[in-house]
Structure formats: C-alpha cells, structure tokens
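I opened the notebook to record what I looked up in this structure, entry by entry.

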Amino acid sequence: MRRKIPIIYIVVSSIFMSCQSGPEITIKNEKKGNLKATKRLEITEEKQFPLDSLSAPRPPYIEIFSDSSGDSQLAMLSGFSKNIFIYNYDSSNSPVHKIPIGNVQIPLAFHIKNMDSIYVYNDQFLEMDLLNNKSEIVSKISLVNSTNLKDLAWTFKYPQYMPHSVNKMIEHEGKLIFPGQYIWTIPDTIVKNFKFATAIDMNSNQVSFLNKYPYDIYGHGYVWDEPIYTNVYYHMTPDNKKMICSFPVSHDLFIYDMESNKEQVVYGGGNGAENISSMDPAQFKSKTVAPKEYIYRQSCKSDLYAGILYDKYRKVYYRFLRKGIPDGARFKWENKKVNVIVMDENFNYLGETEIGDMNEFYPDNSFVTKEGLNIEYVDPNDVKEEFLRFKIFALKNI
Amino acid sequence: MKKKIYGALGVAALAIAVFFTTKTSSSASDISLSNMFKINAANAECCSTPINNGRCSFTGNCFGNPGGPVDCDTTKGSC
C-alpha cells in the first residue's frame, strides 16, 4: 500500500504536466466577413416574475415546461433558499407552486419529469437525486459510479458539471441526458476516450456516458485551462435523434447521432467572429500553470461561443457568441458584448444581432417560447432585485 | 434582502480571495476585481481549508485538479 500512493501520484502528475506543455492552436473563422444576413432580432416584449427576498436575478437554473393541461410553466431554482419556484409563464404573477428541495445539499440543476418525479443534480456528491411529490428523495443516482470522491483520479474518467439553464436536461428514449464536461486542459492521453455526456436510464437508474470532445481542438495538449473553454453547450435536433454541441472555442457545431455515435461537423459561426486561440504556454513557461490574471485576460479578450437553442415555432437555431473585449478597453467579463447568431434548420447563416453586454444580459438563462427567444435581462441599476426579467426577441427580415 | 446580498458577497469575496491567493504577475491592472464579484456569485463556492485538493475557476467554483496546483477544497459544504 505504501508503494502504491507515490506511483499513482507520479502517473497523475505526468498526465497533468504533459497537458501543460502543448503547443498553441488558433482556430480560424474561415467565413468571417463573407456571410450575408437576411434576418435580425428585435426586442418585442418583456416579462418579469416576482422574486422573494431570498432569491436573486441570474438564478442558477430555470426550466420552461408544459404542465398536464398544456400551460407553459417557468420553474426557477433558488439556490439560497433551496426551493424550486414554479410560475405560470403567461400570467407571470407570483409563483403558483413551491417545491422544497432542502434535502439536496448543493442543488445546481433540475428536471421536472412530472410533479412526482423531479430530478435534482446534487453537486456535493455528484449525484442525481430523484424527488417525489412530497420532496422526499426516493433515489440517489451516483454519476461517478459511487467512487470515493477523495481519490481525484475519478476526474480523468467521469464528467463534472457546470449546469446552465440554456442547457436543458433532455429526455431521450427513457434516458435523462445531462451533459457535463472535463474541467481543465484535457490530458492528451485521455481526450480520445473521455465522454462528456451523462445518460441516466430513468427506469433502472443505470448511468452511461457518450460523446467525445473533438480531438483536433481539445487534443494535442492544447492548453484550454479553464472550465469556461471546455464547457459544452448543446441542444437536440427537432427529431430528438442528434445532439448539437456548441463548444465555446469552435466556430463549427458538432452533431452527435445518439444511436450510432457518429459525428457530423457543420459551420455555425458568426460573420464577425474572430479567430480563437488557446493559451500560449510560452507566456507562462516558468510556471506550472497559467497565471490566473492571464487566464482572466485571455477569457475577456477572446470571442467565446455559448448556448445553442432550437426555435420550433420559427424553425431556426440561435447560437450565442460572447465577443472579445478589444485591446485598450477595460477587461471585465461582463463588458463582453453578446451576439445571437441565427441559422435555419440546415445551419445556413441567416444573420446575427448584438443585443447588449453581459452586464445586462445573461445568455446562460435563455429559452424559447411561442413569443420568441427569451433572454434574462438584469437592469444594472436594479438594487432591489424584485423581479426575474426576460427580454423577448422576435425574428425580423432585414 | 440583506441576507441575500451579504451571503452572496461573503461567498464571492472568499472565492475571489482564493482565486488570487497564488502569487502571479500583477500586470493586469485593467482587470476589475470588484466586478468579478458578480460572476456567478450565487454559485461561488471556493473556499480554502487544510484539505485543499482543488483549483478555483474564475467563476468561483472549486474543481479537483489531481497532480496540479490546488488552492481550494472540493469537498464542498465543509466550509
């Protein structure tokens, strides 16, 4: 036993060190400036939902769903008070229902299958807890095969999670799909095998994993040493057979067939999107990892894609792009402008619209309704935090 | 209301403090630390304990970092 510990750490350290020594890659936007826009987005409506004194804007997770009578409901996780509040989306009055989830230590995301089957992701133990209509936990489903979390070797094998509302959990043929991610730079030795999407069989509670990172982007030891680069945004195709993944650093979209696991790559970039570069190890040669200021500056400077949504009412896709802050301007994450790229069903470019910056818009909390694309809006001058607000964008011809 | 603000600020301050614990170049004078408080503050959970086995992301989340540098405790909820 004494001899095992150093060997494990030597192996782990070797993997880690190898991932820090890779070259730099620049991902070019081959179509920059050559795309023709025919559509734009325009704010047509605003909705606001009252918050209680323990809930704040930018909630960790929201979900829009239809209840048994077909009415649209907006469910919001209040992480501080550990409740899920349910609002009637159309009336946008006070919550019509409250689901206490105090039994879940660190709730970060949820999916309401029905009011007697509510899946809540518990980040404390990396497990999915299934709650009944009395808020009792009836199943705890480990997403790391009940591994001892203290032995961090599990992080090379299982995904971890930074849930976003725009990444809604998916029901697919009896399974609940809950994609996660690798957190830091992916060691070259595992990138070809690491699967980031988690699938939970809702009958047997068996957990399986699918879909791998594109090696040409995340392999070769390229340094993407912050979870904001390795995050996976996704949405299903309208037939619910393929998962479209929007990686923050790629102008392309990667489409994974849920049955065959075959991948298809299509262009899904913005007309003004700049080339995106990984971290340059030469900038921190003498250190074992990139300095935090360097990471923050790179993240601010770089164009980074985010969520993708399908609008079944208009048959278009929306993809978010968080624009890089130009040199000379103040590097503050929220100063990034947000563009929404619109594509048709076949991912042909239709246009893109700059909606504002991330001081006022929170694109990770977005969803589609028949009214249009709902994006959370936070008034920078609002100190009372009395409402959860959404601006609704509709598609217009240019 | 006070509880909400103080709670978020307290946790975020801790997260930011942990994030910048390691000494690095201070050339980034144009980076606004005060504004980093806002980043996902509701979920910020980095905290430093003798157990430290993770690395704090700039969003304030602590993730395991086997073999690499550590500045926060991934066991979550113990601090």
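**Entry 1, a helix of chain A.** I first looked up helix 4 of chain A, residues 292-301, where 7 of the 10 residues are buried, so the helix is largely enclosed by the rest of the structure. I listed the buried positions as K292(A), Y294(A), I295(A), Y296(A), Q298(A), S299(A) and C300(A). I note here that the model is a predicted one, and I keep that in mind for each entry below.

Next I asked where F331(A) is found. I located F331(A) in the loop between strand 21 (316-322) and strand 22 (337-344) of chain A. Is F331(A) buried or exposed? I counted 23 C-beta neighbours inside 10 Å, and because the threshold for burial is 20 or more, F331(A) counts as buried. I also checked its separation from K301(A), which lies 30 residues away along the chain, and found 7.5 Å between the two C-alpha atoms.

**Entry 4, a second open sheet.** I followed another open sheet of 4 strands in chain A, ordered 2-26-25-24 and paired antiparallel. Strand 2 (39-50) and strand 24 (361-369) of chain A stand at its edges with a single partner strand each, so one side of each is left without a neighbour in the sheet. Neighbouring strands here are turned by 30° against each other on average, with direction ignored. Looking at one pair in detail, I found that strand 2 of chain A is joined by 11 bridges to strand 26 (residues 387-397) of chain A, the two running antiparallel. I recorded K47(A) standing opposite F390(A) in strand 26 of chain A.

Strand 16 (residues 242-246) and strand 17 (residues 252-257) of chain A pair antiparallel over 4 bridges, and they form a hairpin with 5 residues between them. Within this pair I saw I244(A) opposite I255(A) of strand 17 of chain A. Strand 17 of chain A is also joined by 5 bridges to strand 18 (residues 263-267) of chain A, again with the strands running antiparallel, and the bridge partner of L253(A) in strand 18 of chain A is V266(A). The hairpin of strands 17 and 18 of chain A has 5 residues between its strands, and N261(A) takes a positive phi near 65° there.

Which residues have the most contacts inside the largest nonpolar core? I found I84(A), F110(A), C245(A) and V342(A), in a core of 123 residues.

I counted 4 helices and 26 strands in chain A. The radius of gyration of chain A is 21 Å, close to the 21 Å that the globule rule gives for 398 residues, so the chain is as compact as a globular protein of that length. Along its principal axes the C-alpha trace of chain A spans about 60 × 55 × 45 Å. Of the 398 residues of chain A, 48% count as buried, and residues 24 or more positions apart account for 53% of the contacts with a separation of 6 or more.

Chain B has 2 helices and 2 strands, which follow the pattern α-α-β-β along the sequence. Of its 79 residues, 47% count as buried. In chain B, residues 24 or more positions apart account for 43% of the contacts with a separation of 6 or more.

Where pLDDT is low, the predicted coordinates should not be read in detail.

Methods. Residues numbered from 1 in each chain as written. Chains lettered and ligands numbered in written order. Predicted model: local features only at pLDDT ≥ 70, side-chain atom pairs only at ≥ 80, totals over all residues. Pairing = 2+ DSSP bridges. Axes fitted to C-alpha atoms, helices over the stretch in contact; angles between N-to-C directions. Rg over C-alpha atoms; globule rule 2.2 N^0.38 Å. Buried ≥ 20, exposed ≤ 12 C-beta atoms within 10 Å, placed from the backbone. Contact = placed C-beta atoms within 7 Å. Core = buried A, V, L, I, M, F, W, Y, C linked by C-beta atoms within 7 Å.
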